[in-house]
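Let's take a friendly walk through this model together. Have the sequence and the 3D view to hand as you read.

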Amino acid sequence: MVSVQLASTKHSISFLLFGTAMILATGLLIYIVGFSRSHPAYEKEHDALEDVFGPVQYINILYRHGARTPDSYLPTDPYNDIKFWPEGFGQLTQEGILQHYNLGGWLAKRYSHLLPNDWKQINKAIRVVSTDWDRTLASASAEMEGMFPIQSNSDEWKGLRSYPVPIHCLTDESDALLQVTKSCPKYAQLIKTMIKSKQYLDLFKNNEKLVEYVKLHSGKESLTLSDFQDMYSTFSIEKSRNYILPKWADKIFPEKIMNLVAASFEAETWTVEMKRLRGGPMVKQFLGNFKTKLAGSSLNISMYSAHDTTISAFLNTIDAFDSVPPPFASMVIIELRQLPKNDPFVTVWYKTNSSDPRLLSLPSCGDACRLSQLESLLKPVIPENWDEECKIDPINQPN
Ligand SMILES: *[C@@H]1O[C@H](CO)[C@@H](O)[C@H](O)[C@H]1NC(C)=O
Ligand SMILES: *[C@@H]1O[C@H](CO)[C@@H](O)[C@H](O)[C@H]1NC(C)=O
């Protein structure tokens with residue numbers, strides 16, 4: 001504190017200085033307490049993390065397509081008729097298109113430093129990969145429209161509104177990353193084993209009344225966990241379009257079925273072995289992208305357009321899934337941060353609506369995880385050779 005030597009006013013000035021110091025100290029205390037107590041402090045000033053862990057150098061983005069029309073119906077569903085769904089079955093709706101268009105704009109603002117200044121560099125900065133569905137491809141396309149608007153207003157673009165960005169597509173036969181539809185006999189075998197496990201059977205036993213009730217009213221003779229997942233999606237969509245659910249459905253949707261719906265998302269990555277084959281390829285890819293960046297690649301952004309089950313599989317594989325079905329257009333952002341001469345760190349955000357994303361705390365690692373530590377923590381769920389690990393021992397095959 002400066003010492004003020006004006007004899008007559010000395011006392012009042014030091015009193016003033018003391019008062020100011022107290023106010024500053026209180027402010028600092030409030031700031032520190034507020035900051036350390038909860039994540040929202042990060043959310044408002046997201047790069048409060050920057051001082052400690054460094055600026056974002058690379059992002060992997062994984063999202064679910066936007067709002068869609070239903071693509072599966074119970075036999076007694078009154079809305080199983082195309083006249084209710086002019087977009088077609090399982091297609092992105094206008095709301096869904098706008099969700100991703102807005103997200104694209106949001107990303108461009110939040111990560112403006114990762115985007116090129118010149119459109120000719122776009123392909124050096126971002127790579128977009130989608131599953132082979134109309135709704136994921138169209139979501140990625142809307143996202144790019146929002147993310148890369150034409151910057152100059154010159155006539156040379158003849159009214160074009162955004163720069164085209166290539167979207168790469170994983171066909172069902174080749175997808176060993178997002179939906180994991182590529183053949184994997186070992187995984188199929190693990191699912192069969194799970195379905196016979198006590199834990200799985202108990203789930204149905206403990207919900208016997210509910211299952212019987214749904215069978216009776218839905219017209220479906222046998223029900224699996226994925227039927228409950230489909231039911232949840234279809235009823236949610238119908239309600240959001242103001243179509244009135246049948247009375248029997250209204251009685252159980254959504255609260256009563258949520259246990260089984262949550263389990264349907266967890267079931268794909270029920271065990272460490274299943275995590276390794278279902279969510280592991282994504283963990284491997286995302287961490288691999290970071291390594292490629294650290295080795296000097298120009299790429300700044302990898303984007304993956306996929307499904308609710310892709311998000312739940314990834315989050316459950318890194319032990320950060322909250323068992324809530326990932327909503328339309330929900331997005332996971334996996335950031336690589338680094339300060340000069342420091343170790344690289346990883347931060348993971350989950351954005352489920354139009355509000356700020358939430359910072360996910362990784363088990364055994366916290367809000368930010370040293371890349372090398374994350375790699376060793378996740379080692380058990382990272383496949384070394386997915387194709388080899390998918391093979392089954394022909395002698396030891398249960399049936
Ligand atoms: C990637 O991000 C860096 C750091 O902000 C930036 O300097 C660079 O121009 C970006 N790369 C491309 C190809 O735009
Ligand atoms: C939106 O997402 C945030 C962060 O996950 C959550 O805290 C909030 O409750 C959500 N808001 C609504 C309306 O669902």
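## Before you start

This is a predicted model, in which local features need pLDDT of at least 70, side-chain atom pairs count only at pLDDT 80 or more, and totals for chains, interfaces and linings use all residues. Residues are numbered from 1 along each chain as its sequence is written, while chains are lettered from A and ligands numbered from 1 in the order in which they are written.

## Overall fold

The protein chain has 17 helices and 8 strands; these are DSSP runs (helices H or I, at least four residues; strands E, at least two), numbered from the N terminus. Of its 399 residues, 33% count as buried, where buried means that 20 or more other C-beta atoms, placed from the backbone, lie within 10 Å of the residue's own.

Contacts here are pairs of residues whose C-beta atoms, placed from the backbone, lie within 7 Å. Among contacts with a separation of 6 or more, 72% join residues 24 or more positions apart.

## The nonpolar cores

A nonpolar core is a set of buried Ala, Val, Leu, Ile, Met, Phe, Trp, Tyr and Cys residues joined through C-beta atoms within 7 Å. The largest one has 52 residues, and Ile61, Leu62, Phe314 and Val332 have the most contacts inside it. Strand S1 (residues 56-64) gives the largest share of this core, 6 residues. Apart from it lies another core, of 13 residues, including Leu225 and Ala249.

Which residues does Val332 touch, leaving out those up to four places away in sequence? They are Leu62, Ile311, Phe314, Leu315, Val348 and Tyr350.

## Helix H4

Helix H4 (residues 94-110) has 17 residues and reaches 24 Å from its first C-alpha to its last, close to the expected 24 Å. That expectation is 1.5 Å times one less than the number of residues. Among the buried residues of H4 are Ile97, His100, Tyr101 and Leu107. The buried residues of this helix pack against helix H6 (134-147) and strand S5 (331-337).

## Around the ligands

A residue counts as near a ligand if its C-beta atom, placed from the backbone, lies within 6 Å of it. Ligand 1 is surrounded by His113, Leu114, Pro116, Gln121, Lys124, Ala125, Ser298 and Asn300. This shell divides into 3 nonpolar, 4 polar and 1 charged. In this scheme Ala, Val, Leu, Ile, Met, Phe, Trp, Tyr, Cys and Pro are nonpolar, Asp, Glu, Lys and Arg are charged, and the others, Gly among them, are polar.

Ligand 2 has Thr352, Asn353, Ser355 and Arg358 around it, a shell with no nonpolar, 3 polar and 1 charged.

Conventions: A residue is buried if 20 or more other C-beta atoms lie within 10 Å of its own, exposed if 12 or fewer, and partly exposed in between; C-beta atoms are placed from the backbone. Two residues are in contact if their C-beta atoms, placed from the backbone, lie within 7 Å.
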